[in-house]
Amino acid sequence: MTASPGLGTPRTASPELLRSVFRQHAAGVAVITAHGSRPVGFTATSLTSVAADPPLLSFGIGTGASSWPAVSEAEHIGVHILGEHQQELAATFARSGADRFGPATSWRTGPEGVPLLDGVLAWLVCQVVARVPAGDHRIVLARPVVGDPAGPGRPLLYHQGRFNALRD
């Protein structure tokens, strides 16, 4: 490998290289929820719109994640787009061992029994259509069945390992 002008020295692909590169990528912040024996959820920056017709989205989840057992069996999941006013909520759902649905989290049971978070920018309840193996993760493909895009505020972003507000 040779270095290009103005670029650093290329590094061999590794988990750390991938993490370092994606720290440079600003991503929207979502919380994915599901209901098993109890409500579960996690913060995701891997949410992607896959297709418009039929509507499909995807997200990744590690098979070692505490939410994986419920997501692996759920017929429906909730997708919540967080606003810049919800940094603490994003951190709660990202933190291992946190009481994600404790008294500090405002939520309700939505369609198909999916936990829905209050005060988000937008939400969807989706039917899971596939779980695709991808290394130590699964890519979940889901079809939206109902939602609301009209929440207040501006989106929360994740960049350089921190939650950030969108700047004009």
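Trainee: How many salt bridges does the structure hold?
Mentor: The structure holds 5 salt bridges. Keep in mind that this is a predicted model.

Trainee: What does E16 pair with?
Mentor: E16 forms a salt bridge with R19. Their closest N and O atoms are 3.6 Å apart.

Trainee: Where do E16 and R19 sit relative to each other?
Mentor: Both are in helix α1, 3 residues apart. That spacing separates them by about one helical turn.

Trainee: And how exposed are they?
Mentor: E16 is partly exposed, at 35% relative accessible area. R19 is partly exposed too, at 47%.

Trainee: What about E84, which residue is its partner?
Mentor: R154 is the salt-bridge partner of E84. The closest N and O atoms are 3.9 Å apart.

Trainee: Which parts does that pair tie together?
Mentor: E84 is in the loop between β6 (76-81) and α3, and R154 is in the loop between β10 and β11. The pair therefore ties together parts that are 70 residues apart in sequence. Relative accessibility is 28% for E84, which counts as partly exposed. R154 is partly exposed as well, at 29%.

Trainee: How far apart are E88 and R95, N to O?
Mentor: Their side chains meet in a salt bridge at 3.3 Å. E88 is exposed, with 53% relative accessible area. R95 is partly exposed, at 40%.

Trainee: Which residues do shared partners join into a network?
Mentor: E16, R19 and R23 form one network, joined by salt bridges that share partners.

Trainee: New topic. Which residues make the nonpolar surface patch?
Mentor: L18, V21 and F22 make the patch, which covers about 310 Å². V21 lies in helix α1, residues 15-23.

Trainee: Now the largest pocket. What is its volume?
Mentor: The volume is about 1,200 Å³. The lining of this pocket has 34 residues. T43, T45, S46, G60 and H137 lie nearest its centre.

Trainee: Which elements give two or more residues to the lining?
Mentor: They are α1, β3 (39-44), β5 (55-62), α3 (87-94), β10 (137-148) and β11 (156-159).

Trainee: On to the backbone. Where is the cis peptide bond?
Mentor: The cis bond joins D53 and P54, with omega about 0°. P54 is in the loop between β4 (48-52) and β5.

Trainee: What is phi for E112?
Mentor: Phi of E112 is near 60°. That is a positive value in a residue other than glycine. E112 sits in the loop between β7 (107-109) and β8 (115-117). E112 is exposed, at 56% relative accessible area.

Trainee: And Q160, what is its phi?
Mentor: Q160 is not a glycine, yet its phi is positive, at about 55°. Q160 is in the loop between β11 and β12 (162-165). At 38% relative accessibility, Q160 counts as partly exposed.

Trainee: Last one. Which residues does the UniProt domain annotation cover?
Mentor: The unreviewed UniProt entry annotates residues 22-165 as "domain: Flavin reductase like". In the model, that span is 11% helix and 50% strand. Its end C-alpha atoms lie 18 Å apart.

Terms used. Residues are numbered from 1 along each chain as its sequence is written. This is a predicted model: local features need pLDDT of at least 70, side-chain atom pairs count only at pLDDT 80 or more; totals for chains, interfaces and linings use all residues. Side-chain values use heavy atoms; hydrogens and water are left out. UniProt positions are given in the numbering used here, feature names are shortened, and annotations may be inferred rather than shown by experiment. Helices (H or I, at least four residues) and strands (E, at least two) are DSSP runs, numbered from the N terminus. Patches are made of residues with over 30% relative accessible area and no salt bridge: like charges are joined within 9 Å, nonpolar side chains (Val, Leu, Ile, Met, Phe, Trp, Tyr) within 5 Å. Accessible areas come from the Shrake-Rupley method with a 1.4 Å probe; for residues, only the protein chains shown count as cover. A salt bridge is a side-chain nitrogen of Lys or Arg within 4 Å of a carboxyl oxygen of Asp or Glu. On a 1 Å grid over the protein atoms alone, a cavity is a set of points where a 1.4 Å probe fits but cannot get out, and a pocket is an open set with protein on both sides within 12 Å along at least five of seven lines; lining residues have an atom within 4 Å of a point. Grid points are joined across faces, edges and corners, and a volume is the space filled by probe spheres set on the points. Buried means under 20% relative accessible area, exposed over 50%, partly exposed in between (1.4 Å probe, protein chains only).
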